[in-house]
Amino acid sequence: MNAIRENIAIVRLSKLTGCANLEPKVLTLCNLGRRREAIHSLLSDPPAPSLPSSAYSSLLQLCIDSGAKEDGVSLHVHLRSAGHTPDLHLSTKLIIFYAKFGELAAARRVFDDMPERSVVSWTALVSGCSRNGRAEEALEVFSNMRSSGLKGNQFTYGSALRACTSLGCIGSGQQVHGCIAKSRFQDDMFVQSALVDMHLKCGSVDEALRLFGRMNKRDVVAWNSIVGGCAVRGLGDDAFGAFCLMIRDGMRPDRFTYASVLRASGVLRSPIYVNQIHASIVKLGHGSHYVVSGSLIDAYAKCRSLRQAQLLYDSMVDRDLISCTALVSGYALDKSCSWKAFEIFRGINHMGMKIDDVMLSCILNVCANVPSLSFGRQIHAHMLKEHPDYDVALGNALIDMYAKSGELQDACHAFYEMRHKNVISWTSLITGYGKNGCGEGAITLFSKMEEDRVKPNDVTFLALLFACSHSGLISKGLEYFHLMVSKYQIVPRDEHYSCAVDLLARGGQLKEAYDLVCKMNVRPNASLWGAMLGACRMYGDMVLGEVAAGYLLSLYPERSVNYVVLANVYTAAGLWESALKMRKMMEQRSIKKDAGHSYI
C-alpha cells in the first residue's frame, strides 16, 4: 500500500513544473524524504519565490532528522536572500537546527532577531546551551526567560536541571527546584526524574532518595536517574541495589541502565556483580549493543578479569572504539600485560578505525607506566599529524609519559605547547620535576603557576612536598605545607603528613617530625611511621626509633622489615643484646625475612 501511495505521489510530482507549483512540489518531496531534491528545486528554480513558513519548516525538520547541516544552512541563506521573515515557529525551528549541530552563536543570532518569543523558543535555546556544554549560559537564558515573565514547561525545567548537574551546582539546582515547586509540573515524571538526577549527582543524596520515594509512578528514565546517580557518586552497592529493585518492580532495564550499573560494578571491583549483570544482559537481548558491550568489557577489566574482557572483545562481530579503549585501559592497569595493550592499538590502527583523544590518552598512560619512550614518541608524532588540536587531557597524558620516562625537557616542551592548561597540567610537570630530583624546577614552576592565577589542589602540594623532600629543600617544603593550609584552606591528608614527616626526618629534624606526628589531626599510618623509623636508623636515634617501631609492630606485626630495621638501629648504637632480642622475637613469631632481590 505504501509503495502504491509513493508511486501516485511521484506521478503528481512529475506534473508540478512551474514556479506556481513549487510549494506543493517541495512539500511532496519532503513527504517522500527526498531532501536533496527538495532543496535543489527550491534553490535552482528561478525566480526564487518566497514560500510559506510551513514549507520551510517541513524542509528544515527533514534536515534536522537526517543530520544535513549544509542543506539546512543553504536553506537559511535562501530565506535571507528571498527577503523572507521567519515567523515564530520557523525561527524556533532554526534555533533547534543550529543547536543540534553545536552552532550556538548562529542559534543565538536567530533568537536575538526574533520580535516575539514563546516558551518553546526559550526552551530551544536553554536546551541547546545545556546539551553543548554551555551550562552557565543555559542558566543565564533560563533566568532571562523568568525575568521576561514567562514560566517554563517540563522541557525547560529538565534542560535547566541538566545544566545544574553539569556544573555540579546544588545552589542553582535548588533555585530551579523552587521554581518547579510553584509550577504545575512538579508531579511530571520527566521533571521528577531530572530532579532526582540533579540532587544525587550534586551530592544531595538524601533529598534525591526522598524525591524518588515520593514518585507515584516510575518509568525506566526515573530508575536510570537513581542507578546512574549512585554510580556517578561512587555509591556502587546502592547502584546495584537500585538495579535489583528496578527488576523486582517489573521494569525492563535499557542499555543506559546497564551502562550505569556496570560502571558502579567496575568501581566496586566486584566480578560477582558483573557476572550477574552480564547474565541479565544476555537474557534480555542487549548484548549486541555496542554501548553495553563496551561497558561490560570496561567493568571486567576494572575487576582485573582481563581474560573475560578479552573473550568478550574477541566475540564481538563489529568492534568499536569504546570496547577497544575499555580493553586497552584494563591492560594498562597491569604492567605485565602492556604488550597486549600495544597489540590491540596496532590492530585498530591497521583496521583504519578513527582513533580519538581518549584512546590516545590510554595508550600514553601505558607507555608511561611501562615505560616505553620509543612507542610514546610514535604516539606523539601521530598526535601532531592527526590530532593537532588535541584536548587538555591528552596533553596532560603526554607530559606524564615524558616525565615518567625521565625526559624532562620533552615534558616541558609538551607543557608549553599546550594552548589550554588546567591544574592537572601544572601538577603533572611539578610531579615530573620531583620524581627526577629537580626540586628547584618544581618550585620555579609552582611560582609561575601562582602568577598565572591557577589555583593548586591537594595533589599539587603533595607533588611539591615530595619534590622538596627528595631535593633536601627542608625549609621550602615546610613553607609550602603551611601555605597549603593558611592560603588555600586545603586540609592535609595522610599523604601530606607523611611527606612533611619524611621532609623533616630526611633533614635530621627528628624531634620536629615526631612533634608533627603528635599534633596532626589524623591517625598516623604505617607509611608515616615507616618514614620515621627509616630516618631514626639513618641518624642513629634509638629512642624515637623504638617509638616508631612500636607503632609499626602493632599495626603490622607480620612484616619482617620493621624488626630488621629496629635491630639495625640497636646495632648501630652498640646495643647488641637488644638487637639479638629483636631478631629472636622475629623467629619466635615465625616471621621470615623478605628475600632480597635486584632489578639489575
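Colleague: In which parts of the chain do Arg377 and Glu407, which meet in a salt bridge, lie?

Modeller: In this predicted model, the side chains of Arg377 and Glu407 meet in a salt bridge at 3.8 Å, N to O. The pair ties together parts that are 30 residues apart in sequence. Arg377 belongs to helix H23 (residues 373–386), and Glu407 lies in the loop between helix H24 (392–404) and helix H25 (408–417).

Colleague: Is Arg377 buried, partly exposed or exposed?

Modeller: Buried means under 20% relative accessible area and exposed means over 50%, with partly exposed in between. Arg377 has 35% relative accessibility, so Arg377 counts as partly exposed.

Colleague: How far apart are the closest N and O atoms of Asp458 and Arg493?

Modeller: This pair links distant parts of the chain, with Asp458 in helix H28 (residues 458–469) and Arg493 in the loop between H29 and helix H30 (494–506). A salt bridge requires a side-chain nitrogen of Lys or Arg within 4 Å of a carboxyl oxygen of Asp or Glu. Asp458 and Arg493 form such a bridge, and their closest N and O atoms are separated by 3.0 Å.

Colleague: Turning to the rings, is the pair of Phe240 and Phe243 stacked, tilted or edge-to-face?

Modeller: The structure holds 18 aromatic pairs. The ring centres of Phe240 and Phe243 are 6.3 Å apart, and their planes stand at 40 degrees. Planes under 30 degrees apart count as stacked and those over 60 as edge-to-face, so the pair of Phe240 and Phe243 is tilted.

Colleague: Which helix holds both Phe240 and Phe243?

Modeller: Phe240 and Phe243 are both buried. They are 3 residues apart, about one turn of the helix, and both belong to helix H15 (residues 236–248).

Colleague: What is the arrangement of the rings of Phe446 and Tyr480?

Modeller: Phe446 is buried at 1% relative accessibility, and Tyr480 is buried at 3%. Their ring centres lie 5.2 Å apart with the planes at 75 degrees, so the arrangement is edge-to-face.

Colleague: How far does the charged end of Lys421 sit from the centre of the ring of Phe415?

Modeller: A charge counts as sitting over a ring only if, among other conditions, it is within 6 Å of the ring centre. The charged end of Lys421 sits over the ring of Phe415, and its distance from the centre is 5.1 Å.

Methods
Residues are numbered from 1 along each chain as its sequence is written. This is a predicted model: local features need pLDDT of at least 70, side-chain atom pairs count only at pLDDT 80 or more; totals for chains, interfaces and linings use all residues. Side-chain values use heavy atoms; hydrogens and water are left out. Rings of Phe, Tyr and Trp (its six-membered ring) pair if their centres lie within 6.5 Å; planes under 30 degrees apart count as stacked, over 60 as edge-to-face and the rest as tilted. Helices (H or I, at least four residues) and strands (E, at least two) are DSSP runs, numbered from the N terminus. Buried means under 20% relative accessible area, exposed over 50%, partly exposed in between (1.4 Å probe, protein chains only). A charge sits over a ring if NZ of Lys or CZ of Arg is within 6 Å of the ring centre and within 35 degrees of the ring normal.
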